Amino acid sequence: MLSMKGLVLHETQAGDKGRFIDMLTEELGVVTVFVRGSKKITGKSIAATQLFSYADFCIEQCKDRYYYQNAKPIRIFYQLRENLRDLSLASYFAELIRTTVPKDKQDNIILRLILNTLFYLTEGKRDAKMLKPLFELRFASEMGFMPDVLMCKGCMNHLPERLVFSASEGCFWCRSCYDKLNKNEGSDLYNAYYMSLAGLEMIRHITLVDLDRLFNFRAGDEVIDIVSRFSEAFICSHMSVKLRSLEFYHNIERNMKY
Ligand SMILES: [Zn+2]
């Protein structure tokens, strides 16, 4: 019997027999567990195996398959169900983890990152708009895809007032270096995002700061908006993902504006 703490990221029905849940664990990375039919298990156990439940699981392993035995809930992020935008954002993060974290990755950083993000999202302590780039860029960095945030690729200026961050190259140029490059090439190069120093500072904070201090950050809406567009393009370009949950989140966002 295995004991592990895990966060449920996805569930799939398997007829009357039961359902499969995917969870992110410290010990085994992303793991798929079979939960046998709902008749035998108690209400408490059903809660612990729901989407976005974080619990202490008892799992039986049989060859390379895992079977759910019981669980003690630690925290169930049930408030997510009350807000469609928050739920769609959390589902996007969950899909990102499921599709990119390798099995058997023993690492608690990603688990801490998603748990903290869901905490701030459900407690309403940070806006979804702010949490999206925080999670995306930090997640990418922890997975080994960290943008080069130190200095302009052309002149080594590390505090340019205005700059251009490239999603495809994962580095930045000050405006004058980028304009020179662009003149030579004659078109918009490198999937570029124009931003101010405040944008760069936000990207530096997300990628470099201690995980405990990640959420202690404020920025204006414009800065958050450009960093969010950059971080999404960066993720899509470097982790080769095209996620339905991301499209769904944007649909919800668009509808909220009207
Ligand atoms: Zn420069």
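Before the details, a word on conventions: residues are numbered from 1 along each chain as its sequence is written, and side-chain values use heavy atoms, with hydrogens and water left out. Since we are looking at a prediction, local features need pLDDT of at least 70 and side-chain atom pairs count only at pLDDT 80 or more, whereas totals for chains, interfaces and linings use all residues.

Let me begin with the whole protein. It has 8 helices and 8 strands, where helices (H or I, at least four residues) and strands (E, at least two) are DSSP runs numbered from the N terminus. Taken along the principal axes, the C-alpha atoms fill a box of roughly 70 × 45 × 30 Å. The accessible surface comes to about 13300 Å², and 48% of that belongs to carbon and sulfur atoms; the areas come from the Shrake-Rupley method with a 1.4 Å probe, and for residues only the protein chains shown count as cover. Of the 258 residues, 50% are buried, where buried means under 20% relative accessible area, exposed means over 50%, and partly exposed lies in between. If we take contacts (heavy atoms within 4.5 Å) with a separation of 6 or more, 63% of them join residues 24 or more positions apart.

Now to the helices. Leu113 sits in helix H3, residues 109-122, and with 0% relative accessibility it counts as buried. Which residues does Leu113 touch, not counting those up to four places away in sequence? They are Phe135, Arg138, Phe139, Leu211, Leu214 and Phe215. For one of these, Arg138, the C-alpha to C-alpha distance from Leu113 is 8.2 Å, at 25 residues apart in sequence. Arg138 also turns up among the contacts of Thr207, together with Leu137, Ser141, Met146, Pro147 and Val149, again leaving out residues up to four places away. Thr207 itself belongs to helix H6, residues 197-208, and is buried at 7% relative accessibility.

Turning to the aromatic side chains, a pair of rings is described by the distance of the centres and the angle of the planes. Here rings of Phe, Tyr and Trp (its six-membered ring) pair if their centres lie within 6.5 Å, with planes under 30 degrees apart counted as stacked, over 60 as edge-to-face and the rest as tilted. A search of the whole structure finds 15 such pairs. In one of them, Phe165 and Phe172 have ring centres 5.5 Å apart and planes at 50°, so the pair is tilted; Phe165 is buried at 0%, and Phe172 is likewise buried at 0%. Trp173 and Tyr178, with centres 6.2 Å apart and planes at 50°, also form a tilted pair, in which Trp173 is buried at 8% and Tyr178 at 0%.

For Cys171, the nearest cysteine sulfur is that of Cys152, 8.8 Å away, and for Cys236 it is that of Cys171, 18 Å away. Cys171 is buried at 6% relative accessibility, while Cys236 is partly exposed at 29%.

Conventions. A disulfide is a pair of cysteine sulfur atoms within 2.5 Å. Buried means under 20% relative accessible area, exposed over 50%, partly exposed in between (1.4 Å probe, protein chains only).
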